Amino acid sequence: MLLLCAAVITANVYGNENDDFQVAPNGVKYKAIVANPDGRQVMVNDIITITSALFINDSLVSENTAPMPMMVMEPQRAGDLFDAILLMREGETTAFAFDPKVYIGDNLPPFIKETDVINMTISLIKTQTETEFEADRLVAAEKLIAEEKTTLRQYMEENNINATETESGLFIAVVQEGTGQQAQPGDQVSVHYTGKLLNGKVFDSSVDRGTPIRFQVGVGQVIRGWDEGIVTMKVGEKAIFLIPSPLAYGERDLGDIPANSPLIFEVELVEIH
């Protein structure tokens, strides 16, 4: 319930002109909505997972009800957002009131006046070190890959695709053997591709544009499934990559590609430069 009510809580808090807020030693103006004195204290470089609601005065500007991870940075200005977050403990919900020039800096956008108050309510769900966050991310990714492999195997069966599974969970089906040089990490390559969702919808195609994409293999310029798959190919080879979402775009929603979407790519290694 708490995570879904940030805007309601915030409206009630900020409807009273902040007259019962406290001021921390670092100058942050705050009000504890849910306190958790035994919770884990936030530290610089932690990864925190939060929900939040942002107001200018008492007008809602944005609201994030889906838990969102963010890294805690060193404060840039005394009393800024990170200075505020560093006051919090895991499990707490706190309302903050900021001077616009402290929150944003000297260059305010036209719609914010110096006399406005930027109000924000933050619910701190989890606090982790980078190592802990990465470990949790890997566990979640492995679980999702295992679930999506079942879906991809069903897709292959329905579409008569015979593919080889890699250790990471990527499936590669060779459609046409290549006769040229094999790609290696670090190579500059040109690749033609058509990308599809499992329902057959094409979301992108270099073939339609008539120009292959050029990139360096193995340095993160493309999704992980591509970096892994391209180095198995020789020039002239055509293949189908069936990629679980953690090896593709993961939780990112890219419009035509919904979050957590396994993807199908028909690829051709055109050239190694």
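In this predicted model, the largest nonpolar core is made up of 27 residues. Those with the most contacts inside this core are Val-189, Trp-226, Ile-230, Phe-241, Ile-243, Phe-265 and Val-267. Two or more residues of the core come from each of the elements β9 (188-196), α6 (224-230), β12 (238-243) and β13 (263-272). Of these, β13 gives the most, with five residues.

The surroundings of Ile-230 can be described residue by residue. When neighbours within four places in sequence are left aside, Ile-230 is in contact with Ala-183, Val-189, Val-191, Phe-215, Val-217 and Phe-241. Val-189 and Phe-241 are also listed among the residues with the most contacts inside the largest core.

Val-28 was examined individually. This residue is placed in the loop that runs between β1 (22-23) and β2 (29-34). Val-28 counts as buried because its relative accessibility is 1%, and the cut-off for a buried residue is under 20%. Apart from neighbours within four places in sequence, the residues in contact with Val-28 are Gln-22, Val-23, Gly-79, Asp-80, Asp-83, Ala-84, Leu-87 and Phe-96. One of these, Ala-84, is 56 residues away from Val-28 along the chain, yet the C-alpha atoms of the two are separated by 5.9 Å.

The empty space in the model was examined next. Rolling a probe the size of a water molecule over the atoms shows where such space is left. The largest pocket holds about 620 Å³ of space. Its lining consists of 18 residues, and those nearest the centre of the pocket are Pro-69, Phe-133, Arg-137, Ala-140 and Glu-251. At least two lining residues are supplied by each of β4 (59-71), β6 (118-128) and α4 (130-158). The largest share of this lining comes from α4, with six residues. Sorted by class, the lining of the largest pocket has nine nonpolar, five polar and four charged residues.

In the second largest pocket there is about 180 Å³ of space. The residues that line this pocket are Tyr-193, Phe-203, Asp-204, Ile-213, Val-222, Ile-223, Trp-226, Tyr-249, Ile-257 and Phe-265. By class, nine residues of this lining are nonpolar, none is polar and one is charged. Trp-226 and Phe-265, both in the lining of the second largest pocket, are also among the residues with the most contacts inside the largest nonpolar core.

How values were computed: Residues numbered from 1 in each chain as written. Predicted model: local features only at pLDDT ≥ 70, side-chain atom pairs only at ≥ 80, totals over all residues. Heavy atoms only, no water. Core = buried A, V, L, I, M, F, W, Y, C linked by side-chain atoms within 4.5 Å. Buried < 20%, exposed > 50% of the residue type's maximum accessible area, 1.4 Å probe, protein only. Helix = DSSP H or I, 4+ residues; strand = E, 2+ residues; numbered from the N terminus. Contact = heavy atoms within 4.5 Å. 1 Å grid on protein atoms, 1.4 Å probe; cavity = no way out; pocket = protein on both sides within 12 Å on 5 of 7 lines; lining within 4 Å. Points joined across faces, edges and corners; volume = space filled by probe spheres on them. Nonpolar A, V, L, I, M, F, W, Y, C, P; charged D, E, K, R; others polar.
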